[in-house]
Amino acid sequence: MIEVLTKLSGYLGGGLSALMFLPQLYKIHCTQKANDISYGMLFLGNFASIMILTHSLLISSEPLTVSCSVSVFIRSVTFFYKYHIDHQQTETKS
């Protein structure tokens with residue numbers, strides 16, 4: 001029973017943490033603006049998630065591995081989407 005609760009809390013907490021960035025990604029998509037998000041924050045968040053992902057693989061924590069993988073994916077998509085929008089806006093101004 002304890003093992004089930006441990007995995008459930010890991011998946012729930014980790015999943016919510018990983019999905020926390022989805023509303024920001026959605027807002028970027030709707031407004032086509034990403035000025036309020038810094039590359040430094042995205043890089044640091046991704047680096048932290050990659051370090052936690054490495055740790056989770058070393059300790060064989062499935063819930064942590066899954067949630068960190070989702071987090072890295074969402075932040076990476078946001079990073080490249082921001083780059084695309086910023087690059088597109090720069091070309092438009094030229």
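Which helix is L25 found in? L25 is found in helix α2. The legends below refer to a predicted model.

**View 1**
L25 belongs to helix α2. L25 is buried, because its relative accessible area is 15% and the cut-off for buried is under 20%. Leaving aside neighbours within four places in sequence, L25 is in contact with V77, T78 and Y81. L25 and V77 are 52 residues apart in sequence. In space, their C-alpha atoms are 8.3 Å apart.

**View 1. Helix α2 packs on helix α4.**
Helix α2 covers residues 22-31, and helix α4 covers residues 62-93. Their axes lie 10 Å apart, at an angle of about 20°. The two helices are therefore roughly parallel, since angles under 35 degrees count as such. The crossing of α2 past α4 is left-handed. On the α2 side, the contact uses L22, L25, I28 and H29. On the α4 side, I74, V77, T78, Y81 and I85 take part. By class, this contact has seven nonpolar and two polar residues, and no charged ones.

**View 2. I28 and the largest nonpolar core.**
The largest nonpolar core has seven residues in all. They are F21, I28, A34, I37, L42, I74 and I85. In soluble globular proteins, nonpolar side chains tend to be buried together. Which residues does I28 touch, not counting those up to four places away in sequence? I28 touches K33, A34, I37, T78, Y81 and I85. Among these partners, A34, I37 and I85 are also members of the core. I28 is also one of the α2 residues that meet α4.

**View 3. Helix α1 against helix α4.**
Helix α1 spans residues 2-19. The axes of α1 and α4 are 8 Å apart, and the packing angle is about 5°. That angle makes α1 roughly parallel to α4. From α1, the contact draws on K7, G10, Y11, G14, G15, A18 and L19. From α4, E62, P63, V66, S67, V70, S71 and I74 contribute. The classes are seven nonpolar, five polar and two charged residues. I74 of α4 also meets α2 and belongs to the largest nonpolar core.

**View 4. Helix α3 crosses helix α4.**
Are α3 and α4 roughly parallel or roughly antiparallel? The axes cross at roughly 160° and come within 9 Å. The pair is therefore roughly antiparallel, because angles over 145 degrees count as such. α3 passes α4 in a left-handed crossing. The contact residues divide into eleven nonpolar, ten polar and three charged.

**View 5. Two loop residues with positive phi.**
Most residues other than glycine have a negative phi. Q32 has a positive phi of about 60°, although it is not a glycine. Q32 lies in the loop between α2 and α3. Q32 is partly exposed, with a relative accessible area of 32%. S60 also has a positive phi of about 60° and is not a glycine. S60 sits in the loop between α3 and α4. At a relative accessible area of 64%, S60 is exposed.

Q89 is found in helix α4. Q89 counts as partly exposed, at 27% relative accessibility. Which residues does Q89 touch, not counting those up to four places away in sequence? Q89 touches Q32, K33 and N35. Q89 and Q32 are 57 residues apart along the chain. Their C-alpha atoms are separated by 9.5 Å. Q32 is the loop residue with the positive phi of about 60°.

F80 lies in helix α4. F80 is exposed, with a relative accessible area of 55%. F80 and Y39 are 41 residues apart in sequence. The C-alpha to C-alpha distance between F80 and Y39 is 9.9 Å. Q88 also has its place in helix α4. Q88 counts as partly exposed, at 38% relative accessibility. Q88 and S38 are 50 residues apart along the chain, and their C-alpha atoms are separated by 17 Å.

How values were computed
Residues are numbered from 1 along each chain as its sequence is written. This is a predicted model: local features need pLDDT of at least 70, side-chain atom pairs count only at pLDDT 80 or more; totals for chains, interfaces and linings use all residues. Side-chain values use heavy atoms; hydrogens and water are left out. Axes are lines fitted to C-alpha atoms, for helices over the stretch in contact, and angles run from 0 to 180 degrees between N-to-C directions. Helices (H or I, at least four residues) and strands (E, at least two) are DSSP runs, numbered from the N terminus. Angles under 35 degrees count as roughly parallel, over 145 as roughly antiparallel, 65 to 115 as roughly perpendicular and the rest as oblique. A crossing is left-handed if the near helix is turned anticlockwise from the far one by less than a right angle, and right-handed if clockwise. Contact means heavy atoms within 4.5 Å. Ala, Val, Leu, Ile, Met, Phe, Trp, Tyr, Cys and Pro count as nonpolar, Asp, Glu, Lys and Arg as charged, and the others, Gly among them, as polar. A nonpolar core is a set of buried Ala, Val, Leu, Ile, Met, Phe, Trp, Tyr and Cys residues joined through side-chain atoms within 4.5 Å. Buried means under 20% relative accessible area, exposed over 50%, partly exposed in between (1.4 Å probe, protein chains only).
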